[in-house]
Amino acid sequence: MAGNNREMNGDLIRHHVTDAQISENSFWYPISDFLNNIGQKVSFLPDWMSIPFSKHVAMLWVAAIFTMGISLWATRRYRTNKAAQPKGISHIYELLLEFIKNDIIIPNIGLKDAKRWTPLAASFFIFILMCNFIGLIPFFEKLGGGGGATPTGNFGVTLGLATITFFAIIIAGTLKHGFIGHWKNMIPHGVPAPVLIILIPIEIIGMFVKPMALTLRLGANMTAGHIGMLAIFGLPYLIGSQGVPSEGLLPQPSWGFAIIAVMLNVGVFFLEIIVSLVQAYVFTLLSSVFIGMAIHAEH
Amino acid sequence: MPKPDTNFQKAMSAAYTLLGSILVLSGLGYYLSHKYNNIAWLIIFSILGIIVGMYELYKQIK
């Protein structure tokens, strides 16, 4: 009987972390269905490449709207007056942009190219942070169906973000050294020809592995937090009475452990807030380091 | 304004690149070894992951 509860917890975790469509009996289903139909009509992609309107897609739209909305709202004074005094949210936004520019972009990319790459890094940071925070608000679980976890826990989303970094690395190198110069930089100078035979394939593999590492790290870290929290919530059911389904008796949690689980998860939730900030920072930092390496290629 | 700790950033990015390379290529090797039912894929890709990771680590810290 213990197996039943274990399977139940496993299903619950899978249900929460995997992407899902908004369920048909949900209040929000007509909106989701309407957007899905529009998407199918305007899409020029073949069926197997189409992206149906799922919960993670909805979360990405919300995160994108929030990112643009906050950015426009916080910088509204500066668009009319460059010397305007920051007020309210503009203070926080200015601090954030200063931090990204001075602590991430300038040390890794350099002062000369900072103006070109700060917008991309800032967009990465704020968008990923919004996505991570949306996953911490348990609202999307209420739309019916599963997939209430963060969209940055979906490897498709992180792969999309890493693809932007992949092309940014190539564009940065091409703008600095020219198209041929960028690819020539991948061949180390002053190395004997037999060693080159080994080094060139390693460089090519490294070019693809760097964005893939970004994909896995962000996706795995964000999913791990949600799995951990649900596993802790499942603990009282594993320890409690298993119930007798044939007699209609439902499993009962161990209430003592339930209190401990809630207390533990409050702590884990605050840890998740820090993880959300750190992961957004690390993605932005690593993207900047890789772009900087393409700009300051020494060999 | 305090100077950013670039050594910390370098150490963090180097560590993530090393681990990432090993994990990505070992994962690919694991998938191929399951698909073709041959453990050699896992061994070859794991070694390749270590080599690529070490090379990227060297490039970042030199």
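Chain B has an average pLDDT of 85, and 90% of its residues score at least 70. The structure is a predicted model, and for the complex the predictor reports an ipTM of 0.82 together with a pTM of 0.86. Where pLDDT is low, the predicted coordinates should not be read in detail.

**Chain A as a whole**

Chain A contains 10 helices and zero strands. Its order along the sequence is accordingly written α-α-α-α-α-α-α-α-α-α. Along the principal axes, the C-alpha atoms of chain A occupy a box of roughly 75 × 60 × 45 Å. Chain A has 299 residues, of which 33% count as buried.

**Domains of chain A**

The domain assignment divides chain A into domain 1 (2-19 + 54-295) and domain 2 (22-53). The centres of domain 1 of chain A and domain 2 of chain A, taken over C-alpha atoms, are 25 Å apart. Seven residues of domain 1 of chain A and eight residues of domain 2 of chain A take part in the contact between them. On the side of domain 1 of chain A that touches domain 2 of chain A, three residues are nonpolar, three are polar and one is charged.

**Contact between chains A and B**

The contact between the two chains involves 17 residues of chain A and 16 residues of chain B. On the side of chain A that touches chain B, at least two residues come from each of α5 (89-108), α9 (193-239) and α10 (255-295) of chain A. The largest share of this side, nine residues, is supplied by α9(A). By class, the side of chain A that touches chain B has 11 nonpolar, three polar and three charged residues.

**Packing of α7(A) and α9(A)**

Within chain A, α9(A) also packs with helix α7 (residues 155-177): their axes come within 8 Å and cross at roughly 145 degrees. The crossing of α7(A) and α9(A) is right-handed. From α7(A), the residues that meet α9(A) include F155(A), L159(A) and F166(A); their counterparts in α9(A) include P211(A), M212(A) and L218(A). The contact of α7(A) with α9(A) has eight nonpolar, five polar and no charged residues.

| Side of domain 1 of chain A that touches domain 2 of chain A | three residues | three residues | one residue |

Note on methods:
Residues are numbered from 1 along each chain as its sequence is written. Chains are lettered from A and ligands numbered from 1 in the order in which they are written. This is a predicted model: local features need pLDDT of at least 70, side-chain atom pairs count only at pLDDT 80 or more; totals for chains, interfaces and linings use all residues. Domain bounds come from an automatic or database domain assignment. Ala, Val, Leu, Ile, Met, Phe, Trp, Tyr, Cys and Pro count as nonpolar, Asp, Glu, Lys and Arg as charged, and the others, Gly among them, as polar. Helices (H or I, at least four residues) and strands (E, at least two) are DSSP runs, numbered from the N terminus. pLDDT is the predictor's confidence in each residue, from 0 to 100. A residue is buried if 20 or more other C-beta atoms lie within 10 Å of its own, exposed if 12 or fewer, and partly exposed in between; C-beta atoms are placed from the backbone. Axes are lines fitted to C-alpha atoms, for helices over the stretch in contact, and angles run from 0 to 180 degrees between N-to-C directions. A crossing is left-handed if the near helix is turned anticlockwise from the far one by less than a right angle, and right-handed if clockwise.
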